[in-house]
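Please look at the model first.

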Amino acid sequence: MEVNFNKPQRQSSTGILVMFLDTLQKFGRAFLPILFIWFFKSKDTTIIYILLIITVTILVIAIVAYLQYLNFTFYIDDENDEFIVNDGIINKTKTAIQINKIQQVNINQNLIQRIINVYGLSVDTAGSDTKEGKIKAISHAMALALKSKLLENEVVSINSSSEEIVLDNNQNLQSESKPFLKINLSSLIKIGITSNYVKSIGLILTFFFTILENLRQIGKEDLIDQDKIEKTITNYPVFYGILVFVLVMFTIIFIINIARTVLKFFNYTIAKQKGSLLLSYGLINTESTILKPEKVQIVKVSRNYFQKKLNVLEIKIKQATSDDKKNKKSQIEIPGCNNLEKDEILKLIFNQLPEKGVMMQPNFRKLVFSIFLTIVLPLSGFFIFGKYLKPEVLQYSHFAIAYTVFFLLILFFAFKNYRIFINENHIIKQSGAWDIDNEIIEIKKIQAITTSQLFWHKGLNIGSIILHTAGGNIAFQLGNFNQLKQYSNLWLYEIETSDSNWM
């Protein structure tokens, strides 16, 4: 598709409907609970006013959507090498993005966009807390053409078997290369049943307490018969009740995890394209992301015991961001790949397979200090509170044994897995008790190094180091301080003498 992006372009005319529905659903999520409570508590005459307010609101949103469409334009300024986006109704904004600073281009399609048959495109650069250049409604052909134009100045060299391969920059992105990796449904199901337990438990509890709070606000809390629940619980032994609760909870967790994983990552494919990686996935909300290997800051490979037996793992890729909060939201996830596929991805990102080199391990005092903070202090507070303030809580003191054993195991395995590996080009930090994480960074991408030592650790020659990157920090605590300082000086020298320009 030949499009002159040097002239201002508007979105597809159906973008008016996308903007209208998008604004309407945001408004609904914000005010629907209030209207719901008001509707149940109001009289017949008041309901008429509510419906009138809703009608007027919908008309206002429709007008705003049309004005947003008229005032939204985008184009490429070849003279200044910038991507320009104009937006706004009353307060006009002009966003200029330097093309050589673009680190990620996403083509996505949510449910509304899929129904209307349009696509969204967003541009991500380092140093911003939001994605810039968000376009909500363009055709797929125009989205591919714009992505091609934004990335056409990339010249990437890749070392392969000591031979330098220069990729052709005039390659058309519309002729997408054949995927070299496709994650099948069975791998996604394996990941779904072996990960995100804590997140799912939090989601279930949040959902449950939200329903209770909403019922209480509208005066319908009697819909839940608390007496009947208490009688049901007391009719069965404690052990049986706990077992049933655990089984039900884990069943719900498995269902939620499998549904979330399949919906988000369905048909996950990775292809090589102009020296970058093209990642495409999604069942309801589809997304296509261009990832430039030279912009990658930290790669985290995670796996637990069950995933190891099933030969699956998760990869999370962090790029340059302005803050940790955005980093967690914008990191790229690759779920369900096996060892061979993981090695291929790492080779594409780092141009070689990072290997674990010299190993450093923490002093045993790290384990002692963790036990003191996690077990000794909480249990001391519990027994002091029970003895002097509320003695009846001591009847639950037998749970202290289970608490102690559980956290001792967690802390022991976390200490056992806590390591840092150093080779010529990479640093790999290993951590975790159940999910074992290996965070990989390239030495040349370190921005700053902080070493610290508490005064009572000087005689023991132990201390800590923090490696600062544009994608987050990696810390290693209570290692051999002299060795850490030697590596710190070596890394700083390599950074200062390196001619790498990954930004």
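Predicted model: local features only at pLDDT ≥ 70, side-chain atom pairs only at ≥ 80, totals over all residues.

Residues are numbered from 1 along each chain as its sequence is written, and side-chain values use heavy atoms, without hydrogens or water.

**The helix pair**

Two packed helices are described by the angle between their axes and the distance between the axes. Helix α12 spans residues 365-388, and helix α13 spans residues 399-417. Helices here are DSSP runs (H or I, at least four residues), and strands are E runs of at least two, numbered from the N terminus. The two helices pack at about 165 degrees, with axes 9 Å apart. Axes are lines fitted to C-alpha atoms, for helices over the stretch in contact, and angles run from 0 to 180 degrees between N-to-C directions. α12 and α13 are therefore roughly antiparallel (an angle over 145 degrees). Their crossing is right-handed, meaning that the near helix is turned clockwise from the far one by less than a right angle.

Which residues of α12 meet α13? They are K366, L367, S370, I371, T374, I375, P378, L379 and F383. Their partners in α13 include Y403, F407, L411 and F415. Contact means heavy atoms within 4.5 Å. The residues of this contact divide into 13 nonpolar, three polar and one charged. Nonpolar covers Ala, Val, Leu, Ile, Met, Phe, Trp, Tyr, Cys and Pro; charged covers Asp, Glu, Lys and Arg; the others, Gly among them, are polar.

**The sheet**

Three strands form an open sheet in the order β20-β21-β22, with antiparallel pairing. β20 (448-452) and β22 (472-480) are the edge strands, each pairing on one side only. The twist averages 15 degrees from one strand to the next. Strands pair if DSSP finds at least two bridges between them.

| β20 and β21 | five bridges | S452 with S464 |

A hairpin of two residues joins β21 to β22. β21 (residues 462-469) is mostly covered, with six of its eight residues buried (under 20% relative accessible area, 1.4 Å probe, protein chains only). Helix α14 (residues 481-497) lies across β20, β21 and β22. α14 runs at about 25 degrees to β21.

How values were computed: Parallel < 35°, antiparallel > 145°, perpendicular 65-115°, else oblique. Buried < 20%, exposed > 50% of the residue type's maximum accessible area, 1.4 Å probe, protein only.
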